[in-house]
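Visitor: I am new to this structure. Could you take me through it in short steps?

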Amino acid sequence: MLGEFEYLLLTATARLGEGAYGAAIRKEIELSAGRRCSLGALYTTIDRLESKGLIETWMGEATPQRGGRAKRMARVTEKGSREASAFYKAVVKATAGVPWSVPA
Amino acid sequence: MILARFLSDTDREAVLGDLAESGASRFRMSLEVVRLLLRRHGWTLFLTLLLVCFTANQASDLAWRFAAWFFHQPAFAAGTGRVPTWDKLYWLLSGGFGADLYLGWRSGRAQRQNVGVVIVGSALFSLGDDQIPYSHALPVLFGVVFLGGGIVLGALFGRVISA
């Protein structure tokens, strides 16, 4: 079973498609989840997901905006898609019938 | 940046590039690098430091004993192992273990290694502290007490660096 942050990272990576790399994934997570995301958390989680075979990474091109440094690109693997889908289904199933309304 | 030397080649490229792209200040970059290093190598670093302290403490103890024997001066033996600096380092490292645990919980990474490190660390910590009168139960008891203090310190430290 995935962790919450792992799921957020997989989802952000999938949404970004070919343009998924560290800074972009971080921005996507911060926008979608409304929480801060440190690069330390991001890269250790990327490593963990890669070791589990849920994403794959490779070094991309360098740009002047990055001080001439290369990007670490990421892509969700088939196994990653299955795990994320299973996590989503589990959350939806577990939440069914529960009204998460906040009392006024 | 000196700290970046401790990153792997991949990390150095990707992380520093990301930080440059986001327009982070030099201070912010240093902070992020420290946080990444702690997440990546924190437990290894703390365990290594603890082992170094433990070894140094025991070595100084042996040196004093050897001096007492070699020079026929029993007064030398009175100072065995009482090196306050090492005790302070043990406290510091205990705080480090606490910080590592706290950050581990925050980041949701696997806990087995952290728990293992804490157990080994507190055992070494207890055995290495010469101010504790030795018995079979006391080292464990003191280890737990010191570690508890370390976790409190570590949580405070962890809050600062994960803010």
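Visitor: Is A:R72 buried or exposed?
Guide: This is a predicted model, and the values are computed from it. The cut-off for buried is under 20% relative accessible area. A:R72 has 7% relative accessibility, so the residue counts as buried.

Visitor: Which side chain meets that of A:R72 in a salt bridge?
Guide: Side chains of opposite charge can pair when their charged atoms come close. Here the N to O distance is 2.9 Å. The partner of A:R72 is A:D47.

Visitor: How many residues apart in sequence are the parts that this pair ties together?
Guide: A:R72 lies in strand β2 of chain A. A:D47 lies in helix α3 (residues 39-51) of chain A. The pair therefore ties together parts whose separation in sequence is 25 residues.

Visitor: Is A:D47 buried, partly exposed or exposed?
Guide: Buried means under 20% relative accessible area, and exposed means over 50%. A:D47 has 25%, so the residue is partly exposed.

Visitor: How many residues of strand β2 of chain A are buried?
Guide: The strand covers residues 69-76 and has 8 residues. It is largely enclosed by the rest of the structure, because the buried ones number 6 of the 8.

Visitor: How many bridges join strand β1 of chain A to β2(A)?
Guide: Strand β1 covers residues 55-63. The two strands run antiparallel. In this pairing, A:T57 stands opposite A:A74. The number of bridges is 7.

Visitor: Which residue takes a positive phi in the hairpin of β1(A) and β2(A)?
Guide: The hairpin has 5 residues between the strands. The positive phi is near 70°. The residue is A:G67.

Visitor: Which residue of chain B meets A:R66 in a salt bridge?
Guide: The N to O distance is 2.7 Å. The pair crosses between chains, from the loop between β1 and β2 of chain A to helix α1 (residues 9-21) of chain B. The partner of A:R66 is B:D18.

Visitor: Which residue of chain A meets B:E13 in a salt bridge?
Guide: The side chains meet at 3.6 Å, N to O. One partner lies in helix α1 of chain B and the other in strand β2 of chain A, so the pair joins two chains.

How values were computed:
Residues are numbered from 1 along each chain as its sequence is written. Chains are lettered from A and ligands numbered from 1 in the order in which they are written. This is a predicted model: local features need pLDDT of at least 70, side-chain atom pairs count only at pLDDT 80 or more; totals for chains, interfaces and linings use all residues. Side-chain values use heavy atoms; hydrogens and water are left out. Buried means under 20% relative accessible area, exposed over 50%, partly exposed in between (1.4 Å probe, protein chains only). Helices (H or I, at least four residues) and strands (E, at least two) are DSSP runs, numbered from the N terminus. Two strands pair if DSSP finds at least two bridges between them. A salt bridge is a side-chain nitrogen of Lys or Arg within 4 Å of a carboxyl oxygen of Asp or Glu.
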